Amino acid sequence: MPQDVISVLIKRASLALDKKANAFLNPYGLTYAQFKILEYVAHHDELSVTQKMIEDRFSMTNPTVTGIIQNLEKKDLIYRQQNPNDGRSKVLGLTQKTKDLKPHLHAAAHNINQDFTKSLDPDQQETLAQLLKLLIADH
């Protein structure tokens with residue numbers, strides 16, 4: 001298989017991003033998967049995010065998201081409580097520990113993106129984003 005097959009390149013880019021992000025997040029004791037969930041919850045109204053929303057947003061399976069959320073709960077970074085609009089589900093909230101970390105997490109998100117795309121000029125970054133969105137929307 002040629003090394004420039006798009007699917008292989010996308011996978012390799014994803015793995016490179018995970019590796020770089022994990023290095024940035026190591027001081028906070030977070031993995032990139034945990035970080036993405038914290039960032040997602042942080043960008044929504046308090047207690048408005050369900051596990052299903054996370055599964056859909058990141059194309060993750062229920063068991064994967066459950067495991068990540070359980071690990072975040074053990075680290076006292078997130079909590080779950082009954083969804084007032086649907087008794088069959090729970091909503092997620094950020095603990096005070098995470099709220100105190102928010103400025104650092106936002107800076108980490110910026111640094112991860114900046115570092116990962118530093119070899120692209122702004123026009124190339126925009127083109128890449130548009131192309132990836134097209135690929136995602138088609139599936």
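A residue counts as partly exposed when its relative accessible area falls between the buried class, under 20%, and the exposed class, over 50%. In this predicted model, Glu73 has a relative accessibility of 29% and therefore counts as partly exposed. Arg80, at 27% relative accessibility, is likewise placed in the partly exposed class. The side chains of Glu73 and Arg80 meet in a salt bridge, with an N to O distance of 2.7 Å.

The salt bridges in the model number 5. Besides the pair Glu73 and Arg80, they include a contact between Asp115 and Lys20, whose closest N and O atoms are 2.9 Å apart. Asp115 belongs to helix 5 and Lys20 to helix 1, so this pair ties together parts that are 95 residues apart in sequence. Asp115 also forms a salt bridge with Lys118, and here the closest N and O atoms are 3.2 Å apart. In general, side chains of opposite charge can pair when their charged atoms come close.

The largest pocket holds about 1800 Å³ of space. Its lining consists of 33 residues, and those nearest the pocket centre are Leu17, Tyr32, Lys36, Leu132 and Ile136. By residue class, the lining of the largest pocket divides into 19 nonpolar, 8 polar and 6 charged residues. At least two lining residues come from each of helix 1 (6-25), helix 2 (32-42), helix 3 (51-58), helix 5 (96-116) and helix 6 (122-137). Helix 1 provides the largest share of this lining, with 8 residues.

A nonpolar surface patch of about 540 Å² is formed by Ile6, Ile10, Leu128, Leu132, Leu135 and Ile136. Helix 1 and helix 6 each contribute at least two residues to the nonpolar patch, and helix 6 gives the most, with 4 residues. Ile10 is located in helix 1. The relative accessible area of Ile10 is 37%, which places this residue in the partly exposed class. Patch residues must have over 30% relative accessible area, so Ile10, at 37%, passes this cut-off. Leu132 and Ile136 belong to the nonpolar patch and are also among the residues nearest the centre of the largest pocket.

Backbone geometry was examined for positive phi values. Most residues other than glycine have a negative phi. Ser59, which is not a glycine, has a positive phi of about 50°. This residue is found in the loop between helix 3 and helix 4 (62-74). Ser59 is exposed, with a relative accessible area of 69%. A positive phi also occurs at Asp76, a residue other than glycine, where the value is near 60°. Asp76 is placed in the loop between helix 4 and strand 2 (78-83). With a relative accessible area of 44%, Asp76 is partly exposed.

How values were computed:
Residues are numbered from 1 along each chain as its sequence is written. This is a predicted model: local features need pLDDT of at least 70, side-chain atom pairs count only at pLDDT 80 or more; totals for chains, interfaces and linings use all residues. Side-chain values use heavy atoms; hydrogens and water are left out. On a 1 Å grid over the protein atoms alone, a cavity is a set of points where a 1.4 Å probe fits but cannot get out, and a pocket is an open set with protein on both sides within 12 Å along at least five of seven lines; lining residues have an atom within 4 Å of a point. Grid points are joined across faces, edges and corners, and a volume is the space filled by probe spheres set on the points. Ala, Val, Leu, Ile, Met, Phe, Trp, Tyr, Cys and Pro count as nonpolar, Asp, Glu, Lys and Arg as charged, and the others, Gly among them, as polar. Patches are made of residues with over 30% relative accessible area and no salt bridge: like charges are joined within 9 Å, nonpolar side chains (Val, Leu, Ile, Met, Phe, Trp, Tyr) within 5 Å. Accessible areas come from the Shrake-Rupley method with a 1.4 Å probe; for residues, only the protein chains shown count as cover. A salt bridge is a side-chain nitrogen of Lys or Arg within 4 Å of a carboxyl oxygen of Asp or Glu. Buried means under 20% relative accessible area, exposed over 50%, partly exposed in between (1.4 Å probe, protein chains only).
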